Amino acid sequence: MLDGGVDESPRLTELSNSTETTTPRVLTVLSFLLEKLVARNDRLLSIDQEGKIDNNQGFIKLCEGKKTLNVFHGVRAPSMSIAKYLERIYKFTNCSPSCFVVGYVYIDRLLHRHPDSLVLSLNVHRLLVTSVMVASKVLDDEHYNNAVYARVGGVSNAELNKLEMELLFLLDFRLVVSSRIFESYCLHLEKEMMLGGIGQRIDRLVLSSSVDDETEISVDDTQRSSSSPPLL
């Protein structure tokens, strides 16, 4: 399971359509940004080396308010890195690279709508698998069901179903990402790539021209932080 050890058995290859998967550039920059954000927020709440919150007042602060990300919290931080986790989701669900951009948009919307919430090592993995799964349902003509995403993500099917519903309600079911918003996030990610010395365009998918202007990029936050697979 996600809160325990990592099982990277060869059986993982059974879901992949190709024997060798090239990691999209967007996964590299997303993992870089999220790792910086998580490291900063963990320091704020004094999460110790065992992956547990060592600051009771910080934990109480985290739980304040009617809507938070507490449902996404694990017992301890998973041992698998964000980069490896994103690669695993991409490899074994075959979702389009654009799903990771839109999943990032959803997480950013959560933080805008519920500013007291923090993305931590305790919740980032569950946030990622849930947001990418929902994005795949919105973007991809063909996608795996919740049971497959749960197995790939290292959670139970029942838990992922619950997390999906929680995400939808926290977002107020606002899942539409306009072409303009999608492009603005891509440009932001490409800027981060250039700052990191990569300087390449990320993969894009032509989105619907439907309008949803709610979300803007958390540029200030990022600058401040500068067959089935086995269960994890």
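1. To read the helix pairs below, take each axis as a line fitted to C-alpha atoms over the stretch in contact, with angles running from 0 to 180 degrees between N-to-C directions. With that in hand, α5 and helix α6 (residues 146-153) pack at an angle of about 150°, and their axes are 11 Å apart. Please keep in mind that this is a predicted model.

2. How are α5 and α6 oriented to each other? Angles over 145 degrees count as roughly antiparallel, and α5 and α6 are therefore roughly antiparallel. The crossing of this pair, α5 and α6, is right-handed.

3. On the α5 side they are V129, M133, S136 and K137, and on the α6 side N146, Y149 and G153. By class, the contact of α5 with α6 holds three nonpolar residues, three polar ones and one charged.

4. Now for the other partner of α5. Helix α4 (residues 98-113) packs against helix α5 (residues 124-139) at an angle of about 120°, with 8 Å between their axes. That angle makes α4 oblique to α5. Here too you will find a handedness to note: α4 and α5 make a right-handed crossing.

5. Which residues make the contact between α4 and α5? From α4 come S98, C99, F100, V102, G103, Y106, I107 and L110. From α5 come L127, L128, S131, V132, V134, A135, S136, V138 and L139. Sorted by class, the contact of α4 with α5 has 13 nonpolar and four polar residues, and no charged ones.

6. The loop between α4 and α5 has a residue I would look at, N123. Is N123 buried or exposed? With a relative accessibility of 0%, N123 counts as buried. Leaving out residues up to four places away in sequence, N123 touches L69, F72, H73 and L118. N123 also lies 9.5 Å from V75, C-alpha to C-alpha, although 48 residues separate N123 and V75 in sequence.

7. N94 is not a glycine, yet it has a positive phi of about 60°. You will find N94 in the loop between α3 (82-93) and α4. Its relative accessibility is 32%, so N94 counts as partly exposed.

8. F173 sits in the loop that joins α7 (157-170) to α8 (179-195). What is the relative accessible area of F173? The value is 45%, so F173 is partly exposed.

9. Finally, the chain as a whole. Nine helices and zero strands make up its elements, and from the N terminus on they run α-α-α-α-α-α-α-α-α. Of the 232 residues in the chain, 50% are buried. The accessible surface of the chain comes to about 11300 Å², and 51% of this area belongs to carbon and sulfur atoms.

Definitions and conventions:
Residues are numbered from 1 along each chain as its sequence is written. This is a predicted model: local features need pLDDT of at least 70, side-chain atom pairs count only at pLDDT 80 or more; totals for chains, interfaces and linings use all residues. Side-chain values use heavy atoms; hydrogens and water are left out. Helices (H or I, at least four residues) and strands (E, at least two) are DSSP runs, numbered from the N terminus. Angles under 35 degrees count as roughly parallel, over 145 as roughly antiparallel, 65 to 115 as roughly perpendicular and the rest as oblique. A crossing is left-handed if the near helix is turned anticlockwise from the far one by less than a right angle, and right-handed if clockwise. Contact means heavy atoms within 4.5 Å. Ala, Val, Leu, Ile, Met, Phe, Trp, Tyr, Cys and Pro count as nonpolar, Asp, Glu, Lys and Arg as charged, and the others, Gly among them, as polar. Buried means under 20% relative accessible area, exposed over 50%, partly exposed in between (1.4 Å probe, protein chains only). Accessible areas come from the Shrake-Rupley method with a 1.4 Å probe; for residues, only the protein chains shown count as cover.
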